[in-house]
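Here is a short tour of one protein model. Please take a look at the sequence and the 3D structure, and then we can walk through a few details together.

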Amino acid sequence: MQPESCQPHPHDVISCKTSEDPNASPFDFLGVFCDSVIAGGAAGVVVEAALYPIDTIKTRLQVAHAGGKIMLKGLYSGLAGNLAGVLPASAIFVGVYEPTKQKLLKSLPDNLSALAHLTAGAIGGAASSIVRVPTEVIKQRMQTAQFASAPDAVRLIIAKEGFKGLYVGYGSFLLRDLPFDALQFCIYEQLQIGFKLAARRDLNDPEVAMIGAFAGAITGALTTPLDVIKTRLMVQGSGNQYQGICDCIGTIIREEGNHALWKGIGPRVLWIGIGGSIFFGVLERTKQILEQRRIRDQDSKHY
């Protein structure tokens with residue numbers, strides 16, 4: 001179980017009042033869920049808006065074949081439409097992750113906290129994939145200059161490929177994102193636990209950002225091959241160059257070599273490392289603000 005300090009401090013990033021308490025009421029649980037939805041949406045939007053150009057470069061590197069040139073124009077192509085999908089997707093992820101994590105932490109022994117974080121991350125990723133996959137398909141098609149706007153992308157993809165075109169590469173997306181979400185949040189949470197045990201205090205904002213950056217960079221590097229496969233399947237459109245995940249892997253290795261599976265690792269690690277610091281920093285700070293406001297509202301009702 002993640003240790004909690006019961007001494008409030010202005011720099012605390014995790015409140016001492018959580019629904020991990022076995023005596024927490026259903027209202028408290030609902031409050032944590034609502035706070036998580038708002039905090040997750042805010043963190044996702046801030047990261048996406050700040051780091052979108054790096055993501056665009058990463059995508060273009062991954063789809064470029066040997067000798068292909070990388071276009072550096074239109075690095076914000078598809079940002080507005082992507083934010084419309086990132087907001088609910090991030091809200092769903094954190095809204096599912098937090099209650100699931102807290103329920104598992106209460107049910108499992110203390111020495112299995114990593115399993116709780118891994119499982120909650122995977123479940124949160126699966127729940128948010130309903131929104132994240134179409135958002136990712138549209139974003140990457142626009143990043144590779146296939147469409148001029150998000151509405152055009154949606155209309156033409158459905159017209160040419162059917163509604164299932166918005167979910168092309170769904171299997172490869174889950175193959176990438178479920179391990180990614182599980183690993184990133186597990187590393188982040190376990191580092192938090194270790195730091196708090198060693199320092200005997202909660203983390204401050206710079207420390208949260210540092211741990212978030214480390215967790216993001218490590219996870220981003222490890223999952224780069226999965227990201228390359230997902231990107232190739234999502235941007236191929238109706239051409240069907242690849243017939244599935246296994247065919248995609250085999251074709252890339254045969255035609256471009258093993259190193260092609262690691263394309264874009266530099267921008268990906270940079271993007272997710274910086275993104276991790278921003279995401280977890282905004283997430284924890286927003287959760288703290290909302291939690292404190294909720295506690296004040298509850299206290300005011302008693303007078």
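How many disulfides does a search of the whole structure find? The search finds zero, with a disulfide taken as a pair of cysteine sulfur atoms within 2.5 Å. For C248, the nearest cysteine sulfur is that of C246, 9.9 Å away.

A word on the model: it is predicted, so local features need pLDDT of at least 70 and side-chain atom pairs count only at pLDDT 80 or more, while totals for chains, interfaces and linings use all residues. Residues are numbered from 1 along each chain as its sequence is written, and side-chain values use heavy atoms, with hydrogens and water left out.

| Residue | Relative accessible area | Class |
|---|---|---|
| C34 | 35% | partly exposed |
| C248 | 0% | buried |
| R176 | 7% | buried |

R176 belongs to helix α5, residues 170–199 (helices are DSSP runs of H or I, at least four residues, numbered from the N terminus). Its side chain makes a polar contact with the side chain of D227 at 2.4 Å; such a contact is a pair of N or O atoms within 3.5 Å, where within protein one must be able to donate a hydrogen and the other to accept it, and residues adjacent in sequence count only if both atoms are side-chain atoms. Beyond its neighbours within four places in sequence, R176 is also in contact (heavy atoms within 4.5 Å) with residues including E136, T223, L226, K230 and R268.

Notes:
Helices (H or I, at least four residues) and strands (E, at least two) are DSSP runs, numbered from the N terminus. Buried means under 20% relative accessible area, exposed over 50%, partly exposed in between (1.4 Å probe, protein chains only).
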